[in-house]
Amino acid sequence: MTDDLTARLDALEERLQRAEDTLAITQLIASYGPLVDAGRADEVADLWTEDGEYHVEGWQMRSRADVRAMVLSDAHQRLITGGSAHFLGPAWVEVDGDQARAVCESTLVLAHGERWVTARAGVHRFTLVRDGDRWRITHRVTHLLDGSQEARDLLAL
Amino acid sequence: MTDDLTARLDALEERLQRAEDTLAITQLIASYGPLVDAGRADEVADLWTEDGEYHVEGWQMRSRADVRAMVLSDAHQRLITGGSAHFLGPAWVEVDGDQARAVCESTLVLAHGERWVTARAGVHRFTLVRDGDRWRITHRVTHLLDGSQEARDLLAL
Amino acid sequence: MTDDLTARLDALEERLQRAEDTLAITQLIASYGPLVDAGRADEVADLWTEDGEYHVEGWQMRSRADVRAMVLSDAHQRLITGGSAHFLGPAWVEVDGDQARAVCESTLVLAHGERWVTARAGVHRFTLVRDGDRWRITHRVTHLLDGSQEARDLLAL
């Protein structure tokens, strides 16, 4: 009987871990937009591993320090002090043990006097790794949803 | 004592199942936009049951094959090769045993030269069914958020 | 051996509760946009505690009744009968026992003849409390993402 209970506990722990992982990754990605619009450079950078990468149209970041520098850059500071929403949709996640992949779409909405404009729509593809009791991004590619095959290849997990 | 443990395990399994179901359905709906913008006709169609329905302004799909044909249609291919984001928000889900309902809102953002335009905003109402170890859509209605009573009736679960 | 199983059950129950709480709060926030665009005044108001607050640019609501009155107001009814999407992104949630905080961004998309316009982009910061077997909002602030320090301070949990 105890063996039976132990087997059920084992199964429950494994299932719960998977649910927690999916939830943790959707939450991590849900935090990106608010943090990057707030300009919290350290907290944004901390979403990546030390040598994590972020490739976004002509900007090749190859470390947490590079991500931090992007948030502090004049280009990014102009966006967020002018009024910006890096508006990411819900992430679609696939967990495989201690690794995971996720995809989401986004718009970038900017204040423009009294109006708001959609400056771009994009796809984001994340590779993540379990790092102790949390998840971190090891690789992220962002591409304009410009109809190119390259952009469309990033969309499917 | 063992009875006690068994009762707690029963309760845990039931609660975890409910959480997993909600999570699975939010994930299914989160995958729709990326898959349909990628043009993955088979994978989009596979979100529906064999005889699942999808009704979207003047387009009545009554099977998985119909959904697949929609993705492969000239109209849809023009959208996605021109640059499109079928940008769905987080789904609000209600699970009831082996059936579920879900609602979300969306925008459709299209590339238009150097600019991006919001071509429409819509509501999506899903009915889903447990199909083995996953969920599938049996019925989906999409309606423009045009202020009509019909659209607004679709918004509340 | 039974002690061992009990300890594992205790841990599982605590972990599952945390996952359920996060999920419940993301679901609550996912329901706001659909409900408020549907004009369901009672159901929107019911997301708040009896004396819950909602502060949104020049509108200070200090009770569930105030929230209900906002939904029924001429200003809100004009928005939703004209065609509106209060389009909230996925919530980023932090649960601490029986209290929680959450942040998300949003756009407000309005029908404008044949076109759709983004009337604003905003940040929403929620404080929530466990109320029996569900969660309710005790305090919410919404601010335009206008680049001000005040708006940006609301973005980080």
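These questions and answers walk through a predicted model, from strand pairing to chain contacts and the nonpolar core.

Biologist: In which sense do β5 and β6 of chain A pair, parallel or antiparallel?

Modeller: Strand β5(A) covers residues 99-112 and β6(A) covers residues 115-131. They are joined over 14 bridges. The sense of the pairing is antiparallel.

Biologist: Which residue in the turn between β5(A) and β6(A) has a positive phi?

Modeller: The two strands form a hairpin, with two residues between them. One residue in that turn has a phi of about 65°. That residue is A:Gly113.

Biologist: How many bridges join β6(A) to β7(A)?

Modeller: Strand β7(A) spans residues 134-144 and pairs with β6(A) in the antiparallel sense. A:Thr127 has A:His139 of β7(A) as its bridge partner. These strands form a hairpin too, with A:Gly132 in the turn at a positive phi of about 70°. The number of bridges between β6(A) and β7(A) is 10.

Biologist: Which strand runs parallel to β7(A)?

Modeller: Five bridges make this pairing. In one of them, A:Val56 is the partner of A:Thr142 in β7(A). The parallel strand, residues 48-56 of chain A, is β1.

Biologist: What kind of axis relates chains A and B?

Modeller: Chain B superposes on chain A with an RMSD of 0.0 Å. That takes a rotation of 120° and 0.0 Å of shift along the axis. The two copies are therefore related as by a three-fold rotation axis.

Biologist: What rotation superposes chain B on chain C?

Modeller: The shift along the axis is 0.0 Å. The RMSD is 0.0 Å as well. The rotation is 120°.

Biologist: Which element gives the most to the side of chain B that touches chain A?

Modeller: The contact takes 36 residues from chain B and 26 residues from chain A. On the chain B side, the elements giving two or more residues are α1, α4, β3, β5 and β6. One of them gives 19 residues, the most, and that is α1(B).

Biologist: On the side of chain B that touches chain C, how many residues are nonpolar?

Modeller: Here 26 residues of chain B meet 36 residues of chain C. α1, β4, β5 and β6 of chain B each supply at least two residues. α1(B) gives the most, with eight residues. By class, that side has five polar, six charged and 15 nonpolar residues, so the count asked for is 15.

Biologist: Which residues touch the most other members of the largest nonpolar core?

Modeller: This core has 137 residues. Take the chain B copy: B:Ala102 touches residues including B:Ile25, B:Ile29, B:Trp92 and B:Phe126. Those that touch the most other members are A:Ala102, B:Ala102 and C:Ala102.

Technical notes: Residues numbered from 1 in each chain as written. Chains lettered and ligands numbered in written order. Predicted model: local features only at pLDDT ≥ 70, side-chain atom pairs only at ≥ 80, totals over all residues. Core = buried A, V, L, I, M, F, W, Y, C linked by C-beta atoms within 7 Å. Buried ≥ 20, exposed ≤ 12 C-beta atoms within 10 Å, placed from the backbone. Contact = placed C-beta atoms within 7 Å. Helix = DSSP H or I, 4+ residues; strand = E, 2+ residues; numbered from the N terminus. Pairing = 2+ DSSP bridges. Least-squares fit on C-alpha atoms with pLDDT ≥ 70 in both. Lists of a residue's contacts leave out its neighbours within four places in sequence.
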